[in-house]
Amino acid sequence: MAALLFLAFGFILVGTAPAVSAADTDPRPELGSQREEPDEPERTGVDYRFTLVGDLSTELRALFDEVSQLKALRERPPATPAALRGRVADETTRLEAALKSEGYYAATLSTEIDTDSSPAEVTITVEPGPQFTLADYAVVYRPSEPSPPDSSRADDRRAIPRGPADLDLQVGMPARAAPLQAAESRLLRVLPRAGYPYAAIAETQYRADHASSELTARVVVEPGPRVFLGPLAIEGLDEVEESYIRKLADWPEGALWDSGILVALRNRVAATDLFESVLLDYPDVVPATDGAVPVTLELRERPHRTIGVGAAVTSGEEIARAKLSWEHRNFLGNGESLRLEALGSFLRQEARATFRRPAFLRLNQALVARSSFRREESDAFDETTAAASLGVERSIGENWTVALDTAIEFSEQTDSFGTDRFTLVGLPGSVIYDTRDDLLDPTRGVHVTFGAAPWVSIGERESQFLVGETSAATYWSPFESNWVTFAGRARLGALFLEETSTVPASRRFFSGGGGSVRGYEFRAIGPQDEDGDPEGGRSVAEIGIEARLRLTDTIGIVPFLDGGQVFEDTLPDGEFDWQWAAGLGLRYDLGIGPLRLDVAVPLNPRNNDDAFEFYLSIGQAF
């Protein structure tokens, strides 16, 4: 993409050349079985060998390799010597444009074509000369210079650009195309933020001084009139209340025009997930008013009710589980969502409801109410629990979310320590940082959660304890094609103030299973009673790494390594006696997310561990 940008800039200076795309080189190794290739048909035309000569930097050679069509079309020889000479002429034009895009305006190129030899010899000699530097970047406003916003400061994003420093340019920097074109784009982004939505670049001039090896730029801008935000009209609403959209808009009618306000409005409305399209429109010409430009918010609602179905299959105790959900995303007309879920497996059955009211007291805050009823019979413990919570969630910037709840649980639990009834009152809180590019199949970004919850148990068994847990996952794709993604995760948790036996089993830490350490049965890692059933512990540590390899657009494989342990003490011991497992996964892209099949083998199995475990579900393991 950078090379194409450089070429476009260079063609402005030296003329046009035929439009030819650079070869796309995929770094993936070839995978699959070997097979005998059929004989290639005999090639016709003038075969040639191409040599590039010159004292060139590594960066220039890499750029030439990217834009060269003599190399890219080597296997498709031209029909005649004349056609070969035409291809070479096009190549020199292309290389000249690439040189100018990098600031080499005094470069010379010479060609030599020997069609008498077989194959024909093509030699292009390049003398790049000095790399020009930027002497000045003048911004001229016509017919008059625009007025800055009343609150404009030197570091304000709405400050009127007047010179190189305002456009992220420096006098003396290499006169490359990319930053110069970026400066033009920045002009057309900044002026609409400062009250000038009708600004346009009328003329650009770039002059190269060969005596001093400097480039001077002059950009003429017609800012247009300074205008203000007029009335906001909202069109296309059906079931959503207009008052809710106006509350989201928080429209500052009469304020100086700022395109950032429009972008923020569009993003807030789109984030409600209530609309298929969100468009903002205003007149193409300045209306004959007092400088106030009316804006129209054009909306098209999407269906607000959805039904979801999910299932997973695994070896071991849990075997299979299913999920059914129903959601209404505009329950009361103001973007409130109501979600009902039923989850079931051989071990655990649960029904839960979540109500969410957005824009609660402030635009970036939501009121969230939850209730659930669950029943479980597993090797670790049996329980029957009813729970409810009420709290708020607040978004801070694009990536941070904080939440605080008040919660209460009524539970009867049976474990290796006996049967007890609990009434738990807690204050769970969390901080989340999330930059993932996709929730089901991320290729870049991080996801970190910090959680803490003080709990008080009243009733038959009184206790007070604090649960803290941190989890983190990171994703990295080194190539633009995302054919490989490296993913890693870690989890740490600790329980303070009470012994294991006095804490409800559902609040202890467990490890093992498809969302934890694969290769071990569900909750099987950690302290066990005399019958070999898991008891849970007061601290946990886990780690997992994966290499997600795409073989085709829909099929991939994932080798992985998981490890973890649950400890009886509040802090993990230093012996590092973790349980480890390795495995291989298969992925098939369903369009909504990957279908996942993982098979894992314990690397240091205990006497009661199976030889392997498998997991089948939708979505990545983490």
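Helices (H or I, at least four residues) and strands (E, at least two) are DSSP runs, numbered from the N terminus. This is a predicted model, where local features need pLDDT of at least 70, side-chain atom pairs count only at pLDDT 80 or more, and totals for chains, interfaces and linings use all residues. Residues are numbered from 1 along each chain as its sequence is written, and side-chain values use heavy atoms, with hydrogens and water left out.

**View 1. Glu575 sits in the loop between strand E23 (555-567) and strand E24 (579-589).** With a relative accessible area of 63%, Glu575 is exposed (exposed is over 50%, buried under 20%, partly exposed in between; 1.4 Å probe, protein chains only).

**View 2. Strands E5 (residues 200-209) and E6 (residues 214-222) run antiparallel, joined by 9 bridges.** Strands pair if DSSP finds at least two bridges between them. Look for Thr204 opposite Val219 in E6. This hairpin has 4 residues between the strands, and Ser213 takes a positive phi near 55°.

**View 3. Two cis prolines, Pro119 and Pro143.** Ser118 and Pro119 are joined by a cis peptide bond with omega about 0°, and Pro119 lies in the loop between strand E2 (108-114) and strand E3 (120-127). From Arg142 to Pro143, omega is near 10°; Pro143 belongs to the loop between strand E4 (133-141) and helix H5 (177-193). Most peptide bonds, by contrast, are trans.

**View 4. Asp168 has a positive phi, near 60°.** You'll find Asp168 in the loop between E4 and H5, and it counts as exposed at 61% relative accessibility.
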